[in-house]
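Let's take a walk through part of a protein model and see how its pieces sit together. Have a look at the picture first, then read on.

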Amino acid sequence: MEDVVLHVRPSACEQLESLLQSTERLLKPFPLRAPPLFKPWFIAANQPLPIRPAKPAPIIKHTPHWLVSEGVAQTKNQSNDVQTAPTSRADGNPSLRSEADHSAVTRCWSVSRTRGDAAHVLPSKCFQRSLSIHRLHPLQRVMWVIGQHNCGTRTLEQVWRSLLRSVRASKMPTCNSNLQHGRAEIWVFCDATQAERVGHRLKKELQLIGRISLSVRRLGHIFSM
Amino acid sequence: MTTLTRQDINFGQVVADILCEFLEVAIHLILYVREVYPSGIFQKRKKYNVPVQMSCHPELNQYIQDTLHCVKPLIEKNDAEKVVVVIMDKEHHPVERFVFEISQPPLLSIRESKGPLGGSDILLSHVEQLLRAFILKISVCDAILNNNPPGCSFTVLVHTRDVATRNMEKVQVIKDFPWIVADEQEVNMQEPKLIPLKTMTSDILKLWRAVILDRI
């Protein structure tokens, strides 16, 4: 760089040092930034193809009935019934799915409608005492556990199908249920205040034998009938 | 201003955490807005202080989580160039692609602050504001897009920066969730039209998003 001459007014002589510093800063070369390598936005012939999961995304459709899923999971919205189509094909062509496939699948998740026979019935004193001991709110969700030993000669799957029918007929107010394949158990969730009534219904409707136990998250087993 | 290099903190991990969280929200919202799934499986939630729609279908949620779980290591190592949400018709031809182009600046600049977390609280707050703008843009993008044909599905494509990173072992962190190279028909479009939607540049992340349509 050539010499630079700084002309200073006599009145600004006291600020000479700061003026020199400012001048040096101003004369510094501009920082250079290497422009990024140009890449065409759309994939060119010589560019590698991207990667994707081999498994296709699940297909979920509106159906008039309960949703059906291939042994994985299913859910239901109270206002919109939805259905999960099988997605087991690794090469991923869900368009090849057929409605007939649904007959062979198992349900593992269900929710009762809020309507139905949900009249308020006070629980027995014994059950109320259990609730008060554990300080449970009436709307706390509690869980009945049905094991294979409660099913007698029937399989857990058969009991599960009976339960689904009951839930569909709105005989189990406030309930949602869950078939735990890994644990060989059926979990029926309901409000604490309805638990005793639901328990009696479960035993009657599903013709369960032995005692079923009521559990609460964090507290564990709190009651049985 | 304090300047930190990638090595000073686990820079990639911070970016990957933020970005994967954002991508999860964005994918759910795209699927809702573009009506790939029935609206009944979505519930309203709040994220980045704005309402968003999140699926409550366990199988779909698991699929999205598994996908992002595999993408995360690539983002951590700055190997992922683009994450693309592709909406496909019944014949598996792409009709829309939501492209998230990611780049990370080589230096992380954290402004000094008197906050409890030093500069990081300001930094994260700034990033959250930018991501919020992205989410809001997705929420309204259907205004400029046509309706998709019925029976659409989706997939996620990941463009990696280098062919060397195409090593599938890096991506296949989940045993039952293999990854494959996409088919050309899933990538190429007949007459693509590009609509830039949003760009964000923060101290830790540059993100550019666009929609590519196969029809006008």
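This is a predicted model: local features need pLDDT of at least 70, side-chain atom pairs count only at pLDDT 80 or more; totals for chains, interfaces and linings use all residues.

Now try helix H1 of chain B, which covers residues 11-33. From first C-alpha to last, H1(B) reaches 32 Å, close to the expected 33 Å. Is H1(B) mostly covered or mostly open? Mostly covered: 17 of its 23 residues are buried. After H1(B) comes B:Glu35, with a positive phi near 55°.

Here are the helices we'll talk about:

| Helix | Residues |
|---|---|
| H1(B) | 11-33 |
| H2(B) | 58-76 |
| H3(B) | 120-140 |

How do two packed helices get described? By the angle between their axes and the distance between the axes. For H1(B) and H2(B), the axes come within 9 Å and cross at roughly 150°. Angles over 145 degrees count as roughly antiparallel, so that is what H1(B) is to H2(B). The crossing is right-handed. Among the residues making the contact are B:Leu19, B:Leu23 and B:Ile27 of H1(B), along with B:Ile64, B:Leu68 and B:Ile75 of H2(B). The contact residues divide into eleven nonpolar, five polar and four charged.

Finally, hop over to B:Ser125, which sits in helix H3 of chain B. B:Ser125 counts as partly exposed because its relative accessibility is 36%.

Conventions: Residues are numbered from 1 along each chain as its sequence is written. Chains are lettered from A and ligands numbered from 1 in the order in which they are written. Side-chain values use heavy atoms; hydrogens and water are left out. Helices (H or I, at least four residues) and strands (E, at least two) are DSSP runs, numbered from the N terminus. The expected span of a helix is 1.5 Å times one less than its number of residues. Buried means under 20% relative accessible area, exposed over 50%, partly exposed in between (1.4 Å probe, protein chains only). Axes are lines fitted to C-alpha atoms, for helices over the stretch in contact, and angles run from 0 to 180 degrees between N-to-C directions. Angles under 35 degrees count as roughly parallel, over 145 as roughly antiparallel, 65 to 115 as roughly perpendicular and the rest as oblique. A crossing is left-handed if the near helix is turned anticlockwise from the far one by less than a right angle, and right-handed if clockwise. Contact means heavy atoms within 4.5 Å. Ala, Val, Leu, Ile, Met, Phe, Trp, Tyr, Cys and Pro count as nonpolar, Asp, Glu, Lys and Arg as charged, and the others, Gly among them, as polar.
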